[in-house]
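This briefing is meant for a reader who is meeting the structure for the first time. Please look over the sequence and the model below before reading on.

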Amino acid sequence: MKDLNLNSLKIFLAVATSNSFLEASNKLYISQPAISKSINKLEEDLGVTLFYRANKGVTLTSSGEILLKYVKDTQKLLHACERMLAANNNSESGSIVIGAQSHIVRNYLLEHIGNFRKIHPNVVFKIIDLSTLGLIEALQKHEIDFVIDSSPINTPYNNMKILPIYKLDTCFIKSKDNDVEINKLSDLESQCIVMPVARSSLRKNVNKVLENASIFLKPQLEYETEELIIESVKRNLGIGYVVKGNNIEKDNVDVIKLNEKLPVFEINLVYIESYITELAKNFINEELLNSGDENE
């Protein structure tokens, strides 16, 4: 097989994602005959047919689907390389892409991002909010620099490092207009409960505590985000279960003091050492590992 030309792969990607030689031509500002010639040459070099041609456009063959996957992965690697080179050239500017869910951003990351930007004001932060599995996949594809997520974290990849970095308490909260007396977990069985969705680690961990205490709670409201749980509680729609962040009292809700101990929310740093940028390392070292604020 001949060496593949990066420009021909760029043209292939444009055609594959638009399903049209014409649209690829318009996107790349290259004539349609040149697009067609490049694809024909690529197919000749690879010895396979990449597209089914039709009057209405083109569709990928099975060989084309395989090539598209690898070209997309290569494109992500090149973008990661560009970001790493840019970060190495200038530690005072650039971007840091973090994978984290909203409740972790709200209760943990925002403070550290603010602190870091006071010293490095030209650094741009981008937060990607996905499920734990989605974050791990994005990290493996080099779409993000590192992940901040709660325990337990299960990954099929052996190139990822998982480092516990912080702990937060959890709590049940109620509206300030709700005068119901709750002192123990069993008192919650008669209440309308607002919970994180069942697949969340926050929900799974508290379910274990409830099961061990033989307490059954059937949530009437379930949400993906902590913000919606708090908003529902503020409107007195039920009693919610959330991370006990430093600013929880500012949300105009009351933290319920229980006799039983609730789960601790452990936060982890997940990263691939060989692909993390110098800028991301600076943020981790300055804010996440040396902040001296981990709960014991």
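This is a predicted model: local features need pLDDT of at least 70, side-chain atom pairs count only at pLDDT 80 or more; totals for chains, interfaces and linings use all residues.

Strand β1 (residues 51–54) and strand β2 (residues 57–60) run antiparallel and are joined by four bridges.

**The β1–β2 hairpin**
- The two strands β1 and β2 form a hairpin, and two residues lie between them.
- Within this pairing, A54 stands opposite G57, which belongs to β2.

**Salt bridges across the chain**
- Side chains of opposite charge can pair when their charged atoms come close.
- In the whole structure, a search finds 12 salt bridges, and among them is the contact between the side chains of E273 and K161, at 2.8 Å from N to O.
- Because E273 lies in the loop between β11 (264–271) and α9 (278–288) while K161 lies in strand β6, this pair ties together parts that are 112 residues apart in sequence.
- E273 counts as partly exposed, with a relative accessibility of 45%, and K161 is likewise partly exposed, with a relative accessible area of 39%.
- A salt bridge also joins the side chains of K176 and D254, with 2.8 Å from N to O.
- This pair links distant parts of the chain, since K176 is in the loop between β6 and β7 (193–196) and D254 is in strand β10 (residues 253–255), 78 residues apart.
- K176 counts as partly exposed at 42% relative accessibility, and D254 counts as partly exposed at 25%.

**A salt-bridge network**
- The side chains of R235 and E231 meet in a salt bridge at 3.0 Å, N to O, and these residues, together with K234, are linked in a network of salt bridges.
- R235 has a relative accessibility of 60%, so this residue counts as exposed, the cut-off being over 50%.
- E231, by contrast, counts as partly exposed, because its relative accessibility is 31%, which falls between the cut-offs of 20% and 50%.

**Backbone details in loops**
- A cis peptide bond joins S151 and P152, with omega at about -5 degrees, and P152 is found in the loop between β5 (146–150) and β6 (161–175).
- S214 is a residue other than glycine with a positive phi, near 55 degrees, and this serine lies in the loop between α7 (201–212) and β8 (221–223).
- With a relative accessibility of 67%, S214 counts as exposed.
- N236, also a residue other than glycine, has a positive phi near 60 degrees, and its place is in the loop between α8 (226–234) and β9 (239–243).
- The relative accessible area of N236 is 36%, so N236 is partly exposed.

**Sequence and space**
- K69 is found in helix α4 (residues 62–89), where this lysine is partly exposed, with a relative accessible area of 48%.
- How far apart are K69 and C171 in sequence and in space? They are 102 residues apart in sequence, and their C-alpha atoms are 44 Å apart in space.

Key:
Residues are numbered from 1 along each chain as its sequence is written. Side-chain values use heavy atoms; hydrogens and water are left out. Buried means under 20% relative accessible area, exposed over 50%, partly exposed in between (1.4 Å probe, protein chains only). Two strands pair if DSSP finds at least two bridges between them. A salt bridge is a side-chain nitrogen of Lys or Arg within 4 Å of a carboxyl oxygen of Asp or Glu.
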